[in-house]
Amino acid sequence: MEILTALHNRVSMPRLVEPGPSDEQLTAIFQAALRAPDHAMLKPWRFLTIQEEGLNKLGQLFADAARQDQPDLSEEALQKYLGMPLRAPMVIVVICSPKEHPKVPEVEQLLSAGAATQNILLACHGMGVGAMWRTGAMAYHPHVKAGLGLAESEILTGFIYLGTPQGTAKRLPLLTQSDFVREWS
Ligand SMILES: Cc1cc2nc3c(=O)[nH]c(=O)nc-3n(C[C@H](O)[C@H](O)[C@H](O)COP(=O)(O)O)c2cc1C
């Protein structure tokens with residue numbers, strides 16, 4: 001796919017089914033992520049892939065975290081948390097691991113993690129793999145972070161749901177450039 005076509009047409013695909021990305025596609029996806037712009041080459045990111053039984057375990061982490069916050073959580077709500085990660089055959093967890101550096105503040109390292117994530121979304125789009133970037137309260141919950149092995153200093157910047165897209169991609173008009181862009185002199 002031509003790069004500008006990919007950039008202009010990428011959309012999130014919320015309905016994702018089996019199969020997930022192949023090993024070859026995953027390699028292409030992560031090679032794209034690892035080419036994110038990165039001030040001082042700190043490589044301030046790492047990734048987890050979660051599939052199959054791992055998705056059930058992630059759902060359990062979500063449910064346990066929610067129950068910690070609200071011990072009287074209804075059975076229905078609990079089931080919702082358990083089922084959240086099952087919305088796709090694979091979830092990539094994007095983690096920003098900020099490094100101490102005299103010239104590179106944490107915000108720049110977070111931006112680099114965001115750029116890596118956008119590269120993942122674009123690589124997926126280019127190969128016909130459906131993807132959607134999600135966070136929500138679970139991304140910031142200490143129980144979920146600890147269960148996934150994040151250090152205190154690390155930031156979970158996204159759960160990227162991946163799979164075969166179901167349904168047709170929404171078509172969005174390009175936004176009006178002049179609403180967002182001005183010349184400054
Ligand atoms: C950091 C970040 C977190 C997001 N978290 C969620 C989320 O938890 N749930 C959700 O429905 N959309 C979330 N989104 C938005 C979707 O990923 C998507 O960008 C949005 O629905 C617009 O769709 P589009 O990507 O097709 O333009 C998030 C986006 C970003 C950048």
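## An exposed residue in a loop

Met-41 is exposed because its relative accessible area is 57%, where exposed means over 50%, buried under 20% and partly exposed in between, judged with a 1.4 Å probe and protein chains only. Met-41 belongs to the loop between α2 and β2 (45-51), and although Met-41 is not a glycine, it has a positive phi of about 50 degrees. Lys-43 lies in the loop between α2 and β2 as well, and Lys-43, again not a glycine, has a positive phi of about 50 degrees.

## Basis of the model

This is a predicted model, in which local features need pLDDT of at least 70 and side-chain atom pairs count only at pLDDT 80 or more, while totals for chains, interfaces and linings use all residues. Residues are numbered from 1 along each chain as its sequence is written, and side-chain values use heavy atoms, with hydrogens and water left out.

## The chain as a whole

The protein chain contains 6 helices and 5 strands, which are DSSP runs numbered from the N terminus, helices being H or I with at least four residues and strands being E with at least two. In sequence order these elements give the pattern α-β-α-β-α-α-β-α-β-α-β. The C-alpha trace spans about 60 × 45 × 35 Å along its principal axes.

Of the 185 residues in the protein chain, 39% are buried. The accessible surface of the chain comes to about 11100 Å², of which 56% belongs to carbon and sulfur atoms, with areas from the Shrake-Rupley method using a 1.4 Å probe and, for residues, only the protein chains shown counting as cover. Among contacts with a separation of 6 or more, 80% are between residues 24 or more positions apart, a contact meaning heavy atoms within 4.5 Å.

Leu-78 sits in helix α4 (residues 75-83) and counts as buried because its relative accessibility is 10%. Leaving aside neighbours within four places in sequence, Leu-78 is in contact with Ala-63, Arg-67 and Leu-73; the C-alpha atoms of Leu-78 and Ala-63, which are 15 residues apart along the chain, are separated by 5.6 Å.

Ser-112, in helix α5 (residues 106-127), is buried with a relative accessible area of 4%. Beyond its neighbours within four places in sequence, Ser-112 is in contact with Ala-36, Pro-37, Asp-38, Pro-44 and Trp-45. Elsewhere, Glu-18 and Pro-19 are joined by a cis peptide bond with omega of about -5 degrees, and Pro-19 lies in the loop between β1 (16-17) and α2 (23-33).

## Around the ligand

A backbone N or O atom of Trp-133 lies 2.7 Å from an oxygen atom of the ligand, and for a backbone N or O atom of Thr-135 the distance to a ligand oxygen atom is 2.9 Å. From Lys-170, a polar side-chain atom lies 2.8 Å from an oxygen atom of the ligand. The protein covers 54% of the 620 Å² of accessible area that the ligand has on its own.

Key:
A polar contact is a pair of N or O atoms within 3.5 Å; within protein, one must be able to donate a hydrogen and the other to accept it, and residues adjacent in sequence count only if both atoms are side-chain atoms.
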